[in-house]
Amino acid sequence: MPTEVEEKERVFDAFRRWGYLQADLDPLGFQPQVRHPELALDGEAAQAARRSYCGTIGADFMHLPEPERRQWIQQRLEAEPATPDQSFILERLIRADLFEQVLQSRYLGSKRFSLEGVTALIPLLDVMLDLAGESGAEYAVLAMSHRGRLNVMLHIAGRQADEIFAGFEDVDPRSVLGSGDVKYHLGATGDYTTSHGRAIHIHLASNPSHLEAVDPVALGRTRAKQKRLGKDGHLRCVPILMHGDAAFAGQGVAAETLAMAGLPGYCVGGTVHVIINNRIGFTTPPEELHPGPFAADLAKRLPIPVLHVNGEDVDAVVRVARLAMEYRYTFASDIVVDMIGYRRHGHSEIDDPTITQPLLYKKIKDHPVLWKIYAQRSGVDATAQADQIRGEYEAAQKKAGTIEKKPTLRTLPEYWSKYVGGDYSPDFEVDTGVPAEELKEIAQGLTRYPDGFQIHPKVKRLLEERARMGAGERPVDYGFAEALALGSLLVAGVPVRLSGQDTRRGTFNQRHSVLVDTESEQEFVPLEHLREGQARCEIHNSLLSEAAVLGFEYGYSRDY
């Protein structure tokens, strides 16, 4: 017979594994709970396990192969939760909701892609950034599609309300000509101040209506910042990707980006993914968006935790936010937070959602806003505070009408200062030729390898041919021309980063940038050993991806 302790562990293990299927996650009650036979248990242990795993947090983590990671999560979920700073949370919810309401009342009929229904995103980001600051972060790269972007610009990226309102005013109308984008696609930069007074520089990446296309770009930018910061760059710069539920489940670039996690050429020390889940895709309901109960199920292709949370239990949201960021810093791993709420208006504010979801929107119409729910649960009358905050926004909206030039909402880093732009002129052309003697020196470096290195016979013949090319004894072929070009950049002090599937050898056996010892498989990269003091060279094989690798390298090059 099992002991009482063993029986309790058996019961808890069932709920650790399957409890998320019966958690209370949908504020409106539309998401069905999955009955699971292993959870049909009674008793004190079962009641305790349900409190930990079937409340407003649903943790899907038992697929992790490392026991210490599973234990780390269960210890935190089974402990008594700490009480957060509820007065601060309430103020942030009021600010987030009223900002959207003032926009709605002042600019009726304008698209803004409101955050209402998932405004707990703001305190969630507050907690994540606060903990990141405690862990050494100085920079955060954020990426998201359009829903809630204006709210994040204001409350997280540190922009001013009048700057954002000005985007809706008819100020400086000529400024939009040639801009190629609209206010809810634009990026923003600014500083976020944590509760401990630390400043974290925020870079909210621009993103047009390609939804998840920004994901790899943001990670590329993160990697470049981390490289510039040095060996502890992954501690000093943290990426947070915010996804829509429909796009996360359905767009291939999201899956490709997830697959980059931990790969040597693309690792960023762990990415925190937040699904802003309003359980609808434009007009499409969840059962037509993804086959399982959760949009986040895509992430289970990797050994990373998925934490589902009811977006209307804000104390649970901030608890999960802290756990997610702690996990990232503890294990240098990706993690997913699936915050489930709803969408108060249509896909945009000019849509009528009652045409396709009449019952859902009948319920939403009578559903109170989140700050009022939180105030009531906290036993606080926040009416006066709300009136004051509304007054601040209305004053900012009036100020916006006096602005003569539309604000840019972002400041370029100093390293862009030498790029001035302007019209093309033939005078800008420069001679890119390299002296013959320098090419010979580079060629000698490209065809050398260490003493005792067991070179493959075919590669040895290739290097011997290239040595003759470098000496001018035979014409230079394409593969060696590329190697000489890269080498000339490196000795001139220009860093080189080359990536793609089979990039190190070359798909057509043409590159051989990395030599492999036939006995030990030790690697040697001639491009890294051309001259003392040369620039850094990185050559990586990538995952078999097109969109995500292209996006990552674009983001890396933008930031480096």
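The following dialogue covers the confidence, cores, cavities and pockets of a predicted model.

Trainee: What is the mean pLDDT of the chain, and where is the pLDDT below 50?

Mentor: pLDDT is the predictor's confidence in each residue. Here the chain has a mean of 94, and 98% of its residues reach 70 or more. The pLDDT falls below 50 over residues 176–180, a stretch with one contact in the model beyond near neighbours in sequence.

Trainee: How many residues has the largest nonpolar core, and which of them have the most contacts inside it?

Mentor: A nonpolar core joins buried residues through their side-chain atoms. In this model the largest one has 97 residues, and Leu121, Leu124, Met128 and Phe165 have the most contacts inside it. Helix H12 (residues 314–331) contributes the largest share, twelve residues. Another core, of 18 residues, lies apart from it and includes Ala483, Leu486, Leu490 and Val514.

Trainee: Which residues is Phe165 in contact with, leaving aside its neighbours within four places in sequence?

Mentor: Phe165 touches Phe99, Val102, Leu103 and Tyr107, and also Tyr393, Ala396, Gln397 and Ala400.

Trainee: How many cavities of 30 Å³ or more are there, and what is the volume of the largest cavity?

Mentor: Rolling a probe the size of a water molecule over the atoms shows where empty space is left. In this model the count is three cavities of 30 Å³ or more, and the largest has a volume of about 110 Å³. Its lining comprises 14 residues, with Arg466, Ala483, Arg511, His512 and Ser513 closest to the centre. Helix H17 (457–470) and helix H18 (478–491) each give two or more residues to this lining, and H18 has the largest share, five residues. By class, the lining of the largest cavity has eight nonpolar, three polar and three charged residues.

Trainee: What is the volume of the largest pocket, and which residues lie nearest its centre?

Mentor: Unlike a cavity, a pocket is an open set of points. The largest pocket has a volume of about 1,100 Å³. Of its 45 lining residues, Pro84, Val127, Asp315, Val318 and Arg319 lie nearest the centre. H12 gives the most to this lining, seven residues. The lining of the largest pocket divides into 18 nonpolar, ten polar and 17 charged residues.

Trainee: Which element gives the largest share of the lining of the second largest pocket?

Mentor: That element is H8, with six residues. The second largest pocket holds about 660 Å³ of space. Among its 31 lining residues, His203, Ala205, Ser206, Arg221 and Arg558 are the closest to its centre. Its lining has 15 nonpolar, nine polar and seven charged residues.

Conventions
Residues numbered from 1 in each chain as written. Predicted model: local features only at pLDDT ≥ 70, side-chain atom pairs only at ≥ 80, totals over all residues. Heavy atoms only, no water. Core = buried A, V, L, I, M, F, W, Y, C linked by side-chain atoms within 4.5 Å. Buried < 20%, exposed > 50% of the residue type's maximum accessible area, 1.4 Å probe, protein only. Helix = DSSP H or I, 4+ residues; strand = E, 2+ residues; numbered from the N terminus. Contact = heavy atoms within 4.5 Å. pLDDT = per-residue confidence, 0-100. 1 Å grid on protein atoms, 1.4 Å probe; cavity = no way out; pocket = protein on both sides within 12 Å on 5 of 7 lines; lining within 4 Å. Points joined across faces, edges and corners; volume = space filled by probe spheres on them. Nonpolar A, V, L, I, M, F, W, Y, C, P; charged D, E, K, R; others polar.
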